[in-house]
Amino acid sequence: MPRQGANAGDQLAQLLRHYEQLLTVRRCEERLQRLFAEGEVPGFIHLSIGQEAISVGVMSALSDSDTIASTHRGHGHALAKGMPLEGFFAELLARDSGVCRGRGGSMHVADMSVGMLGANGIVGAGLSIATGSALAHKLKRSGNIAVSFFGDGALAEGLLHECGNVAALMKLPILLVCEANGWSEFSPADRQIAFNLADWSKAYGIEYRKADGNDVLAVAEAAEVLIHAVRDGEGPALLECTTSRWRGHFEGDAQKYRPQDEVQGRDPLEVAAAYLAREGVGEQHLSQISARIDAEVEAAIAAARAAPPANYESGFADVYTLSAG
Amino acid sequence: MTKNILMPKLGLTMTEGEIVEWKVAAGDRVQVGDVLFVIETDKSSNDVEALDAGVIEALLANEGDTIEVGAVVATLVED
């Protein structure tokens, strides 16, 4: 949603929407942290607590028919793109009412109806999914764009280089968003990566910007400028957002490799709350928002718990073919 | 309200964990994030932190016991 020319009321409304989305992602993941520890979430989860402003900021500049490809740390992407809370929790709790009928779980949440092409467990794999989607947008002349989210851990993957090349060569409508949290799973990124993205972008002729990934407005503004150019047919762009991963690589990771005194990034919620305070939105208003979101999240969890489990018998229902070989 | 403290699932393949050490005793007051006990799994050892603040009511497992994921290892009276 373009902010240029918007009046003060629109800006405040958008800031409130940002805050609500940030808080929704945070609350959902805090609840998942507990649900996982207590054994209610099958499989494996990776939380994006501390990184929410990137999802929310980028998504605010997209339309429903733009597409995104996510990562293993994808809850924020899914929710900010508009995946409904009930379908989300039902999927995470492996219920038949989940967005993927409980077959995907955390690392394979997808919802085509909101342009969420899916999380996936392969580092960097979203890059090629989004590149393919961008090619489809271009061939169909849909006016839509594709966005690939990836962490700095994906910079050492071949796919980044292949997709950067083909996207630049074919001038595809794609925005690459690097969520640079400084860690490649269990290793500091600076011990894994030999280049920086500003130089890399130059090599491929890709427009590059860097933003404070803990500041939702900084992300939204940078995303909006880049997305405008991408939508206008100027080819791919790259947005690098610096941020901080508050939890372990996965839930249950004791992070013994991580220095105790590592500086945690600013809290995206506090940054957004400070913007709101400047606009005269006080604590009381924020706590009303918080209470409403808590109630929505609890209702979604209750609905998921009450829903029937994923149905093994229907496992082949949505595959392309049943023939073997 | 009394809450159950469970053997957590830490990671994809964990099915049980050994309580290596209790860091709290019955009657202790704990805050969210305080370390309650140390567990050892087939892969690693981990501190298990309090998810709620309150007073530890009872420890239901001994050091050295191997407990299934999701089983109750202690109870806590929530603040």
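**The strands of chain B**

Reply: Strand β6 (residues 54-59) and strand β8 (residues 72-78) of chain B run antiparallel and are joined by five bridges; strands here are DSSP runs of E of at least two residues, numbered from the N terminus, and two of them pair if DSSP finds at least two bridges between them. This is a predicted model, in which local features need pLDDT of at least 70 and side-chain atom pairs count only at pLDDT 80 or more, while totals for chains, interfaces and linings use all residues. Residues are numbered from 1 along each chain as its sequence is written, and chains are lettered from A and ligands numbered from 1 in the order in which they are written.

To see one of these bridges, look at B:Ala58, whose partner in β8(B) is B:Thr75. Both strands belong to an open sheet of four strands in chain B, with the order β1-β8-β6-β3 and antiparallel pairing. At its edges lie β1 (2-6) and β3 (29-30) of chain B, each of which pairs on one side only.

Now turn to strand β4 (residues 35-40) of chain B, which pairs with β5(B) in the antiparallel sense over five bridges. These two strands form a hairpin, with four residues between them, and B:Glu40 has B:Ser45 of β5(B) as its bridge partner. Strand β5 (residues 45-49) of chain B has two faces: B:Asn46 and B:Val48 make up the covered one, whereas B:Ser45, B:Asp47 and B:Glu49 make up the uncovered one.

Within chain A, helices α5 (residues 125-140) and α6 (residues 158-169) meet through residues including A:Leu127 and A:Thr131 in α5(A), and A:Cys163 and A:Val166 in α6(A); helices are DSSP runs of H or I of at least four residues. By class, this contact of α5(A) with α6(A) has eight nonpolar, two polar and no charged residues.

Conventions:
Buried ≥ 20, exposed ≤ 12 C-beta atoms within 10 Å, placed from the backbone. Contact = placed C-beta atoms within 7 Å. Nonpolar A, V, L, I, M, F, W, Y, C, P; charged D, E, K, R; others polar.
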